[in-house]
Amino acid sequence: MLLRLDELLARGQGVTYDHPLITVEHVLPQNPKVDSRWVDLFDEEQRARWTHRLGNLVLLNRAKNSAAQNYDFAAKKAKYFTGRGGVVPFALTSQVLQHAEWTPELVKARQEELLGVLAEEWRL
């Protein structure tokens with residue numbers, strides 16, 4: 001589903017995917033450290049609600065994802081959501097770069113937006 005969504009966001013601009021190298025990354029980590037900014041921004045209930053939802057998921061190549069770990073958003077964004085030329089190859093992931101922080105409100109809005117894109121494409 002994420003690959004299809006990425007293709008829709010890229011508007012079919014000759015997008016190709018090397019499937020064995022693509023992984024799913026949780027922007028809000030699955031297991032944030034107790035002293036991380038994530039715990040300040042998302043309480044336990046919000047983490048349970050948003051961690052595995054579409055609004056929190058992006059695509060990364062396998063090498064970057066294995067290194068992404070549980071860093072706070074600013075570090076994660078700077079190190080792992082950009083490519084050599086400063087651009088990530090996935091439209092879905094590049095959306096993350098425009099945000100200064102990753103908050104429950106933002107994830108909720110992104111969730112609704114992405115579901116809307118899929119609903120329109122699939123005429124639901």
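Tutor: Ring pairs join W38, F42, F73 and W102 into a cluster. Rings of Phe, Tyr and Trp (its six-membered ring) pair if their centres lie within 6.5 Å; planes under 30 degrees apart count as stacked, over 60 as edge-to-face and the rest as tilted. This is a predicted model, in which local features need pLDDT of at least 70 and side-chain atom pairs count only at pLDDT 80 or more, while totals for chains, interfaces and linings use all residues. Residues are numbered from 1 along each chain as its sequence is written, and side-chain values use heavy atoms, with hydrogens and water left out.

Student: How many aromatic pairs does a search of the whole structure find?

Tutor: The search covers the whole structure. The number of aromatic pairs found is four.

Student: Is the pair of Y17 and F90 stacked or tilted?

Tutor: The ring centres of Y17 and F90 are 6.4 Å apart. Their planes meet at 5°, so the pair is stacked.

Student: How many residues apart in sequence are the parts that this pair of Y17 and F90 ties together?

Tutor: Helices (H or I, at least four residues) and strands (E, at least two) are DSSP runs, numbered from the N terminus. Y17 lies in the loop between α1 and β1 (22-26), and F90 in the loop between α5 (73-80) and α6 (91-94). The pair therefore ties together parts whose separation in sequence is 73 residues.

Student: Are Y17 and F90 buried or exposed?

Tutor: Buried means under 20% relative accessible area, exposed over 50%, and partly exposed in between (1.4 Å probe, protein chains only). Both Y17 and F90 are buried.

Student: Is the pair of W38 and F42 stacked or tilted?

Tutor: W38 and F42 are both buried. Their ring centres are 6.2 Å apart and their planes lie at 45°, so the pair is tilted.

Student: At what angle do helix α1 and helix α7 pack?

Tutor: Two packed helices are described by the angle between their axes and the distance between the axes. For α1 (residues 2-9) and α7 (residues 104-121), the axes are 10 Å apart and the angle is about 85°. Angles of 65 to 115 degrees count as roughly perpendicular, which makes α1 roughly perpendicular to α7.

Student: Which residues of α1 and α7 make the contact?

Tutor: Contact means heavy atoms within 4.5 Å. From α7 come L114, V117, L118 and E121, and from α1 come R4, L5, L8 and L9.

How values were computed:
Axes are lines fitted to C-alpha atoms, for helices over the stretch in contact, and angles run from 0 to 180 degrees between N-to-C directions. Angles under 35 degrees count as roughly parallel, over 145 as roughly antiparallel, 65 to 115 as roughly perpendicular and the rest as oblique.
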